[in-house]
Amino acid sequence: MTQTRAASRRIVVLATLLVALIAALLTPGRATAASLQEGTGFGSNPGALRMFRYVPDGLPAGRPVVVALHGCTQNASGYGTGSGWLQLADRWGFSVVLPQQQTANNASSCFNWFQNGDIARGQGEAASVAQMVDRQLADTSGDGARVYATGLSAGGAMTAVLMAAYPERFASGGIVAGLPYGCAQAAGSPYVCMYVGATQSAQQWGERVRAARPGFAGPWPTLVAFQGTADYTVKPVNMSDLMKQWTDVHGADQVADVSDSVAGYPHEVFRDAGGRAVVETYSVTGMGHGQPVDPGSGSEQCGSAGAYVLDVNLCAAYRMGRAWGLG
C-alpha cells in the first residue's frame, strides 16, 4: 500500500510538471532565444562578403545598430560571442551586423583594409558593409542616427575605413588594435604600418580622411580606441596615430582633456572646441594582440576569452557601448 501511494505521488508530480511545461510552451508571446542569422540579397556586394546578423527577440523599432568586424583568422559568430557584443545586444536592446570575410578574398580571413579598391567610397568591401547597414536598418526599422562600427585588428582598420568613407552612416567607431585610415598607403606597406607605423603629422592624417569623403560637412564619427602596450602585431604607435587623425578631423588638439584610469588602465579623452568628447583611448598595460574582455555576469562584464580575445578585467564592448549611450 505504501509503495502504491508513493508511486501515485510520483505520477501526480510528473503530470503536474508536464502540464506546466505544455502551458509554458503554448503561452502566447513566449520569448525564445535569438540566434545568429545569415542575410542575403543585401545589395550588389562588390566586396563579396557574407552578412550575418543578430536581432534580439522582441526588439522594438527605432533601436541602434552595431556593426562588429572580426579580426584575421576569426569569423562572425566567434567574434560576436567572444567580444561580448551579442550579450550586450540582449542586455541593452540593439541589433548587430557581423560582416564575414571569405578566404577567396583573403587567405587569412582578414578584411582588406590596405587595398585601394576596398577602402574607397562606393567600392569593394567598404561598400558591401554599407549595403549591409542599409538592409539592417530597413529590416529592423532601426535608428539611422545611432549606427556604430567596431572591430578588432583588420576589423578595426576596416572600422576606420567605414568612418572615413561613409561618415554620414556612423555616429562613432570603436577600434581595437587597429590602424588609422590610409596607413598602408602612407607607410608604403601594410606591414610597415603594422610593425613600425607611418610618419605623418596630425594634419596629414586628417587630410587622408577628408579626401575619402570630399565636401562632407560633418558631423564626423567620434572614436573610441583600445590598444595593448605589449602588442607586437599592431604596434601601439597606431593608436597614437588614430588619435592624431581623428582629433584633427574634429578640429581638436592632441592634448588630452581627461587623463585618468579605468580598471587600472590609462584612459584619455580628447574634446573639441565645444567640449564634446571626440576621441577616447584606452591603453591596456601588458596586453598583447587581441580584444579586451571581462567574462562574468557583473554589470560591467562581458565577453568570453579565446584566441585573440583576452581576459584583462576590462570589456571593451561594454566601454564602447557606454560611451555611445547604448546602455
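**Largest pocket.** I began with the lining of the largest pocket in this predicted model. I found 18 lining residues. Cys72, Cys110, Ser153, Met194 and Thr233 lie nearest the pocket's centre. Next I looked up the volume, which is about 320 Å³. Which helix gives the most to this lining? I noted helix α8, residues 190-195, with three residues. Then I sorted the lining by class. I got twelve nonpolar residues, six polar and no charged.

**Second largest pocket.** I moved on to the second largest pocket, with a volume of about 170 Å³. Here 14 residues form the lining. Met239, Ser240, Glu268, Thr281 and Ser283 are the closest to the centre. I checked which elements supply at least two lining residues each, and noted β7 (222-228), α10 (237-249), β9 (265-271) and β10 (277-284). β9 gives the most, with four residues. By class, I wrote down six nonpolar, seven polar and one charged.

**Aromatic pairs.** I searched the whole structure for aromatic pairs and found nine. I looked at tryptophan 92 and tyrosine 318. Their ring centres are 5.7 Å apart and their planes stand at 45 degrees, so I logged the pair as tilted. Where do the two residues sit? Tryptophan 92 is in helix α3 (residues 85-92), and tyrosine 318 is in helix α11 (residues 316-323). The pair therefore ties together parts that are 226 residues apart in sequence. Are tryptophan 92 and tyrosine 318 buried or exposed? I found both buried.

**Ring cluster.** My last entry is a cluster. Ring pairs link Trp85, Phe94, Tyr148 and Trp324.

Methods. Residues numbered from 1 in each chain as written. Predicted model: local features only at pLDDT ≥ 70, side-chain atom pairs only at ≥ 80, totals over all residues. Heavy atoms only, no water. Phe/Tyr/Trp six-rings, centres within 6.5 Å; stacked < 30°, edge-to-face > 60°. Buried < 20%, exposed > 50% of the residue type's maximum accessible area, 1.4 Å probe, protein only. 1 Å grid on protein atoms, 1.4 Å probe; cavity = no way out; pocket = protein on both sides within 12 Å on 5 of 7 lines; lining within 4 Å. Points joined across faces, edges and corners; volume = space filled by probe spheres on them. Nonpolar A, V, L, I, M, F, W, Y, C, P; charged D, E, K, R; others polar.
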